[in-house]
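User: Hi! Could you help me look at how two chains sit together in a model?
Analyst: Happy to, let's open it up.
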2 protein chains.
Amino acid sequence: MNHGLLFILSGPSGSGKSTITHAVLDSMPGLVFSVSHTTRTPRPGEKDGVDYHFIDRAAFLALRDRQPGGFLEWAEVHGQLYGTSVAEVQGKLRQGLDILLDIDVQGARQVLARHPEAISIFICPPSAQALAERLQRRATESPESMALRLNNARQELEHAADYRYLIVNAELESAITAFKSIIIAERLQQRRAADGTPLSQSW
Amino acid sequence: MNHGLLFILSGPSGSGKSTITHAVLDSMPGLVFSVSHTTRTPRPGEKDGVDYHFIDRAAFLALRDRQPGGFLEWAEVHGQLYGTSVAEVQGKLRQGLDILLDIDVQGARQVLARHPEAISIFICPPSAQALAERLQRRATESPESMALRLNNARQELEHAADYRYLIVNAELESAITAFKSIIIAERLQQRRAADGTPLSQSW
């Protein structure tokens with residue numbers, strides 16, 4: 001059985017990353033979301049075990065400090081802890097599922113160090129103005145939180161060049177198509193194929 | 001201005017390569033077909049300068065033997081000469097156009113030796129039986145020509161593993177989507193980008 005592919009997706013809050021991710025996951029069988037652990041409070045509509053595993057800080061730190069470590073990557077963002085469980089990722093890859101990790105630039109760097117074969121994708125809004133407008137529309141941000149997010153976005157964008165693919169989300173449908181295309185193309189790459197079985201069987 | 005990408009497409013006669021190519025070219029602005037030179041007779045409906053530059057053997061050999069050589073690659077297939085003009089390819093790449101070369105496995109090897117950055121794609125029918133049926137439907141082949149094509153197809157398939165991407169054309173629409181996805185994904189790869197201009201301009 002083929003081993004699954006590991007996709008890393010980063011992009012600032014307001015880049016449209018979540019909307020794009022859900023559209024892509026809904027239409028691509030065999031691609032699954034890796035559910036992260038976090039200490040932050042659920043937003044309205046978010047479900048435990050679906051959007052995140054919501055745990056408290058003590059439980060997070062215990063998992064992080066276990067030997068061997070329980071997280072493939074972890075990071076503190078906006079004062080909250082986020083982490084990707086090793087067990088969840090390894091289990092799904094072994095089942096042949098392709099996994100999508102939605103993580104920040106620090107997390108991406110940690111995962112790429114352990115999984116250099118991972119396929120990294122950065123989604124960014126077309127401009128700072130577009131990002132500010134999207135965050136305002138979301139209307140869950142205080143002015144302070146918004147300023148923090150805009151500043152973090154600028155810092156994250158400095159790392160965009162380290163990713164294999166860059167999607168500029170100027171128009172949602174095109175961004176979704178771009179993301180799907182990357183997944184389809186990476187699946188067709190022959191360096192992924194373990195052997196020539198499909199061809200040799202029928203010829 | 002960005003330099004165009006060079007896509008190499010190979011696959012046996014009857015693989016559906018031409019149908020797929022035309023569907024993709026019609027829907028992807030910025031991607032153009034490189035028109036090959038050939039000494040073979042036009043098939044019904046084929047136009048000189050559009051499907052091929054149809055030239056006689058003497059003219060082909062004169063272009064081939066010019067110093068420096070007038071062909072990026074050339075080959076003898078089914079007793080006929082086929083070649084890709086250097087001038088045509090270089091001119092289009094410099095204009096920023098992405099070029100699609102529809103060439104056989106020998107030609108692909110020659111182009112990859114000079115352009116290792118070229119993106120190679122192999123299209124194959126799902127089985128030998130499917131290929132035979134498609135050639136029979138075409139109904140332009142004599143029994144001898146058909147046997148030759150099937151034999152050549154088996155030989156070409158031995159080189160399929162040398163290509164970066166493999167598309168198994170079991171279902172036409174999926175094969176077209178696969179091909180388009182490869183082009184979109186390759187365009188989004190950041191190693192292609194000459195600089196960070198688009199991002200830095202708006203941030």
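User: How many salt bridges are there between chain B and chain A?
Analyst: The count is zero salt bridges between chain B and chain A. Keep in mind that this is a predicted model.
User: Which elements of chain B touch chain A?
Analyst: The elements giving two or more residues to that side of chain B are α5 (128-138), α6 (143-157), β9 (165-168), α7 (172-188) and α8 (197-202). Of these, α7(B) gives the most, with eight residues.
User: What classes of residue are on that side of chain B?
Analyst: There are 19 nonpolar, six polar and three charged residues on the side of chain B that touches chain A.
User: How much area is buried between the chains?
Analyst: About 2,400 Å² is buried between chain B and chain A, and carbon and sulfur atoms give 68% of that.
User: New topic: how can chain B be laid on chain A?
Analyst: A turn of 180° with a shift of 0.0 Å along the axis does it, with an RMSD of 0.0 Å. The two copies are therefore related as by a two-fold rotation axis.
User: Which C-alpha of chain B is nearest the axis?
Analyst: That of Ser181(B), which is 2.1 Å from the axis.
User: Why do we say the copies meet through the same surface?
Analyst: Because 100% of the interface residues of chain B are also interface residues in chain A.

Conventions. Residues are numbered from 1 along each chain as its sequence is written. Chains are lettered from A and ligands numbered from 1 in the order in which they are written. This is a predicted model: local features need pLDDT of at least 70, side-chain atom pairs count only at pLDDT 80 or more; totals for chains, interfaces and linings use all residues. Side-chain values use heavy atoms; hydrogens and water are left out. Copies are superposed by least squares on the C-alpha atoms of residues with pLDDT of at least 70 in both. Contact means heavy atoms within 4.5 Å. Buried area is the accessible area (1.4 Å probe) that two parts lose on being put together, summed over both. A salt bridge is a side-chain nitrogen of Lys or Arg within 4 Å of a carboxyl oxygen of Asp or Glu. Helices (H or I, at least four residues) and strands (E, at least two) are DSSP runs, numbered from the N terminus. Ala, Val, Leu, Ile, Met, Phe, Trp, Tyr, Cys and Pro count as nonpolar, Asp, Glu, Lys and Arg as charged, and the others, Gly among them, as polar.
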